[in-house]
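Keep the sequence and the 3D view side by side.

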There are 2 protein chains.
Amino acid sequence: MGRPAQHASDDTRSRLVAAARDVFLEGGVANFSLREVARRVGVSAAGVYRHFDGKDALVDAACAQGFAVFSSYLVRALGAGTPRERMLTSADQYLRFALENPRDYRFIFMSTAEDIHRSAPSLPARAGRKDLAAMAEDPTFRFLVDRVRECMAAGMLDEGLPEKIAVLIWSHLHGLISLRLSGHLGPVGDEASFAALYRESVERMLQSLGS
Amino acid sequence: MGRPAQHASDDTRSRLVAAARDVFLEGGVANFSLREVARRVGVSAAGVYRHFDGKDALVDAACAQGFAVFSSYLVRALGAGTPRERMLTSADQYLRFALENPRDYRFIFMSTAEDIHRSAPSLPARAGRKDLAAMAEDPTFRFLVDRVRECMAAGMLDEGLPEKIAVLIWSHLHGLISLRLSGHLGPVGDEASFAALYRESVERMLQSLGS
DNA sequence: GAAGCTAAGTTAACACTGTTCACATGATGC
DNA sequence: GCATCATGTGAACAGTGTTAACTTAGCTTC
């Protein structure tokens with residue numbers, strides 16, 4: 001509160017994450033270079049270490065900002081009138097984000113912590129860390145659970161564990177998008193017809209989960 | 001045929017891809033090092049270039065071998081008796097492969113060409129390359145389309161474009177597995193209960209697509 | 001105002017990486 | 001016997017992440 005400008009000149013810090021984001025979106029994970037980011041901001045490579053613990057932390061910060069953009073897409077769906085419309089619009093926004101920011105989407109949902117960081121802890125370690133407690137904080141999941149819950153309350157989805165239904169729906173959406181983005185879904189054709197397939201698939205999903 | 005041992009001593013070549021696979025599975029994409037592979041085989045870094053065009057080609061070779069392992073899982077499903085059993089067993093084998101070789105699964109289905117290679121051509125370029133023609137050769141997709149087709153012939157799936165149905169099913173399976181592997185599915189709990197959710201989900205899917 | 005402390009930056013170095021080049025060497029074919 | 005060619009080598013280059021020692025500007029506190 002009254003503390004006098006704790007992070008007064010974090011200007012370069014934010015310029016670093018902005019540049020990191022640029023570099024990242026231009027070249028992907030493989031081409032990401034801490035030195036290149038430093039170069040663009042006009043600071044020495046070592047200088048970056050005054051603001052971040054290292055390359056990984058810098059990438060994390062860039063990712064966090066990408067996540068903020070994603071949230072801005074989802075939140076627009078809250079403007080819709082009925083629970084059903086909010087659910088459908090959420091799915092739409094989810095798709096829009098993926099198609100308009102494919103690299104961000106891949107980075108957030110298709111890359112694992114192992115891909116990004118160099119440490120390679122085995123799966124159990126990650127699962128143990130994330131299970132239940134930490135997972136409840138995943139904003140994407142919470143958002144979707146909320147949509148499911150209000151659809152249940154409105155009677156257009158059968159009662160049940162909202163988390164379980166949310167998993168089913170999210171998996172389906174993510175699966176379609178993920179396969180599309182990774183190029184395994186060639187025959188679907190252009191973007192418009194993929195979007196159509198996506199919407200058709202969402203409707204079918206909701207219908208099959210309703211009474 | 002009669003050509004005298006064109007690749008007589010490709011022994012080191014195959015040892016290179018074996019070592020590459022080891023290194024890759026141990027450390028993931030980020031930690032993969034051509035020099036490390038060369039070191040393990042007992043060859044100089046430059047020597048690798050006698051057998052591969054560079055790091056990317058080496059990774060490609062390792063990936064191709066991983067894909068062969070994947071095929072060996074799928075092909076086991078063909079032993080089942082009825083079309084329905086073959087379909088369900090295929091889904092089971094798909095899951096088994098993913099859970100027993102999570103790194104391979106991620107490498108094959110969750111990483112994009114951009115993640116692996118350093119070049120970062122925009123999405124349209126990739127889509128153009130893979131659309132329709134090349135896609136028909138994707139063994140995974142062909143396999144699944146076959147399963148769908150014979151289920152249609154057996155009357156347990158409604159008639160329609162098998163490719164379209166295959167996309168729906170595959171997306172669903174992949175979505176579940178992908179979210180599980182990337183740690184976004186914490187609350188589902190242990191592996192056994194995830195497998196149960198997976199199977200339940202497959203049944204539901206088939207039922208909703210049947211007459 | 002002088003002294004001291006801290007945040008933010010520097011340069012230099014280390015141990016890596018992928019890649020290329022000029023060179024050795026051992027087997028093969030004529 | 002001699003040339004060819006695949007297969008290997010070592011040295012070098014440019015680039016990477018990271019660390020250490022050093023400067024410097026700004027603020028606090030006597």
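**Exercise 1.** Over which residues of chain A does pLDDT stay under 50 with zero contacts beyond four places in sequence?

Solution. This is a predicted model: local features need pLDDT of at least 70, side-chain atom pairs count only at pLDDT 80 or more, and totals for chains, interfaces and linings use all residues. Residues are numbered from 1 along each chain as its sequence is written, with chains lettered from A and ligands numbered from 1 in the order in which they are written.

- Take pLDDT, the predictor's confidence in each residue, from 0 to 100.
- The stretch is residues 1-9 of chain A. A contact means C-beta atoms, placed from the backbone, within 7 Å.
- Residues 116-136 of chain A are also below 50, but this stretch has 28 contacts beyond near neighbours in sequence.
- Where pLDDT is low, the predicted coordinates should not be read in detail.

**Exercise 2.** Describe how α5 and α10 of chain B pack.

Solution. 

- Locate α5(B) at residues 83-100 and α10(B) at residues 162-181.
- Their angle is about 20° and their axes are 11 Å apart. That makes the helices α5(B) and α10(B) roughly parallel (angles under 35 degrees).
- Now list the contact: A91(B), Y94(B), L95(B) and A98(B) meet L173(B), I177(B) and L181(B).

Definitions and conventions: Two residues are in contact if their C-beta atoms, placed from the backbone, lie within 7 Å. Axes are lines fitted to C-alpha atoms, for helices over the stretch in contact, and angles run from 0 to 180 degrees between N-to-C directions. Helices (H or I, at least four residues) and strands (E, at least two) are DSSP runs, numbered from the N terminus. Angles under 35 degrees count as roughly parallel, over 145 as roughly antiparallel, 65 to 115 as roughly perpendicular and the rest as oblique.
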